[in-house]
Amino acid sequence: MLSGLVVVLSGPSGVGKTTISRCLMRDPLFRFSISATTRPPRENEKDGVDYHFLSLEEFRAKISADGFVEYVEVYEGVLYGTLRAPLDEAVASGEVMLLDIDVDGSEKIRAMNYPLLRIFISPPDYDELAKRLKGRGTDDEKSIEKRMKRWKKEMECGTSFDLKVVNDDLGACIESVHRAIAARYLRGPTED
Ligand code: ADP
Ligand code: 5GP
């Protein structure tokens with residue numbers, strides 16, 4: 001039976017995970033895991049494309065129905081979760097499923113039996129991260145503050161990942177990530 005690979009991309013908000021994921025999606029073997037969240041969409045985001053935007057009630061109903069492989073309250077009052085059905089389907093059909101999730105969600109996935117590669121994306125430094133978060137222009141002051149507060153925690157957990165890549169030069173970072181995924185995929189599902 002064909003078996004795919006789960007690739008977890010984590011790292012502080014603003015480091016470039018969405019940008020990197022979008023580029024990786026050019027590889028036809030790759031699928032992106034569209035998470036569910038209770039936060040409101042940004043101006044440029046579409047429901048069912050960037051996230052499944054759910055009310056708290058809808059999110060809770062999915063939890064009760066065992067619809068998530070993991071979910072985390074990443075920021076106070078804001079829930080994010082990885083949907084179980086698309087993930088299982090992708091892995092069963094031999095695809096590479098890319099998850100852009102926080103470090104706690106990543107730990108939960110690690111405890112499961114999926115063929116897995118966990119990659120931590122690191123910023124060159126704190127100032128550059130702040131610059132990117134502000135420069136993105138999609139979050140208000142409060143959201144930026146919430147995200148900057150989590151940077152220390154995210155960076156501390158980064159040491160437990162299979163691979164750490166600094167996103168300084170974007171092209172070089174994408175190439176390193178892509179190469180690592182391809183190598184892990186070729187080794188097959190049982191190797192870790
Ligand atoms: P995340 O998904 O990790 O929160 P994004 O992918 O939204 O981060 O990136 C945040 C901002 O940083 C975006 O405006 C993006 O264009 C920019 N960015 C991403 N990678 C780089 C890079 N290597 N150098 C400079 N800016 C970058
Ligand atoms: P944002 O609101 O900026 O899109 O995402 C905030 C944080 O939530 C990021 O660190 C992102 O990786 C994380 N995140 C997005 N989806 C999920 C998910 O399904 N599960 C978990 N645990 N974290 C997620």
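Guide: A polar contact here is a pair of N or O atoms within 3.5 Å; inside the protein, one atom must be able to donate a hydrogen and the other to accept it, and sequence neighbours count only when both atoms are side-chain atoms. The model is predicted, so local features need pLDDT of at least 70 and side-chain atom pairs count only at pLDDT 80 or more, while totals for chains, interfaces and linings use all residues. Residues are numbered from 1 along each chain as written, chains are lettered from A and ligands numbered from 1 in the order written, and side-chain values use heavy atoms, without hydrogens or water.

Take ligand 2 to begin with. It is surrounded by 18 residues, and S35, R39, Y51, Y80 and D100 are the closest; a residue is near if one of its heavy atoms lies within 4 Å. By class, that shell holds six nonpolar, five polar and seven charged residues. In this scheme Asp, Glu, Lys and Arg are charged, Ala, Val, Leu, Ile, Met, Phe, Trp, Tyr, Cys and Pro are nonpolar, and the others, Gly among them, are polar.

A side-chain N or O atom of E70 is 2.7 Å from a nitrogen atom of ligand 2. Oxygen atoms of ligand 2 are also contacted by polar side-chain atoms, one of R42 at 2.8 Å and one of R147 at 2.7 Å. Taken alone, ligand 2 exposes 510 Å², of which the protein buries 96%; areas are from the Shrake-Rupley method with a 1.4 Å probe.

The space that ligand 2 takes is the largest pocket. A pocket is an open set of points, on a 1 Å grid over the protein atoms alone, where a 1.4 Å probe fits, with protein on both sides within 12 Å along at least five of seven lines. Two or more shell residues come from each of β5 (68-75) and β6 (78-83), and β5 gives the largest share, four residues. Strands are DSSP E runs of at least two residues, helices H or I runs of at least four, numbered from the N terminus.

Now ligand 1. Of the 14 residues around it, G14, K17, T18, T19 and R136 come nearest. Their shell divides into three nonpolar, six polar and five charged residues. The space taken by ligand 1 is the largest pocket, and α1 (17-24) and α5 (126-136) are the elements that give two or more residues to the shell.

Conventions:
On a 1 Å grid over the protein atoms alone, a cavity is a set of points where a 1.4 Å probe fits but cannot get out, and a pocket is an open set with protein on both sides within 12 Å along at least five of seven lines; lining residues have an atom within 4 Å of a point. A molecule sits in a cavity or pocket if more than half of its atoms lie within 2 Å of its grid points.
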